[in-house]
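We will go from stop to stop, selecting a few residues at each one.

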Amino acid sequence: QLHLVESGGGLVPAGGSLRLSCVASEGTFRGFAAAWFRQAPGNEREIVGAITWSGANTYYVDSAKRRFTISKDDAKNTVNLQMNSLRPEDTDVYYCAAARGGSYYNPRTNLYEYDYWGQGTQVTVSS
């Protein structure tokens with residue numbers, strides 16, 4: 001069982017940075033795959049980045065490559081998303097997600113592979 005709490009969203013100018021944090025306030029990330037998704041109003045939730053339960057490998061949507069970094073620290077019980085060089089099109093509600101197990105090396109990238117979700121944190125990037 002996991003209870004996920006997200007933080008770190010806010011308003012940032014284009015080109016700026018934000019660091020989103022997801023804390024498992026109940027349970028632990030150890031042995032859980034994790035991911036960050038984003039969703040604009042009226043749109044479907046889409047993958048941004050994912051990390052295996054082992055932390056051995058990550059995945060990023062094309063638009064996030066070379067700009068975003070997902071990390072998992074089981075000792076600190078957190079999953080983070082470092083977002084650099086932010087663009088207005090990055091404006092979305094960002095959600096942390098987790099699921100037990102999965103591949104050691106192949107990240108889970110499908111919305112329906114995740115069972116636990118945070119409440120979402122708003123990221124707004126101004127022009």
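In which sense do strand β1 and strand β3 pair, and over how many bridges? Select residues 3–7 for β1 and residues 18–26 for β3: the two pair in the antiparallel sense, over 5 bridges. Keep in mind on this tour that you are looking at a predicted model.

**Stop 1: across the strands**

Stay with β3 and pick Cys-22, which stands opposite Glu-6.

**Stop 2: aromatic pairs**

The structure holds 5 aromatic pairs. For one of them, select Trp-53 and Tyr-104: their ring centres are 5.6 Å apart and their planes meet at 80°, so this pair is edge-to-face. Trp-53 belongs to the loop between β5 (46–51) and β6 (58–60), while Tyr-104 belongs to the loop between β9 (92–100) and β10 (116–117), so the pair ties together parts that are 51 residues apart in sequence. Are these two buried or exposed? Trp-53, at 30% relative accessibility, counts as partly exposed, and Tyr-104, at 52%, counts as exposed.

Next, select Tyr-114 and Trp-117. With ring centres 6.5 Å apart and planes at 70°, this pair is edge-to-face too. Tyr-114 has 4% relative accessibility and counts as buried, whereas Trp-117, at 28%, is partly exposed.

**Stop 3: a charge over rings**

Keep Trp-117 in view and show Arg-45. The charged end of Arg-45 sits over the Trp-117 ring, 4.9 Å from its centre. Now show Tyr-95: the charged end of Arg-45 also sits over the Tyr-95 ring, 3.6 Å from its centre.

**Stop 4**

In soluble globular proteins, nonpolar side chains tend to be buried together. To look for that here, select Leu-4, Phe-29, Trp-36, Phe-68, Leu-81, Met-83 and Tyr-94, which touch the most other members of the largest nonpolar core, a set of 27 residues. At least two residues of this core come from each of β3, β4 (32–39), β5, β7 (68–73), β8, β9 and β11 (121–126). Which strand gives the most to this core? That is β3, with 4 residues.

Finally, select Ala-33, Ala-35, Ala-50 and Ala-99, which are among the 8 residues of another core that lies apart from the largest one.

How values were computed: Residues are numbered from 1 along each chain as its sequence is written. Side-chain values use heavy atoms; hydrogens and water are left out. Two strands pair if DSSP finds at least two bridges between them. Rings of Phe, Tyr and Trp (its six-membered ring) pair if their centres lie within 6.5 Å; planes under 30 degrees apart count as stacked, over 60 as edge-to-face and the rest as tilted. Buried means under 20% relative accessible area, exposed over 50%, partly exposed in between (1.4 Å probe, protein chains only). A charge sits over a ring if NZ of Lys or CZ of Arg is within 6 Å of the ring centre and within 35 degrees of the ring normal. A nonpolar core is a set of buried Ala, Val, Leu, Ile, Met, Phe, Trp, Tyr and Cys residues joined through side-chain atoms within 4.5 Å.
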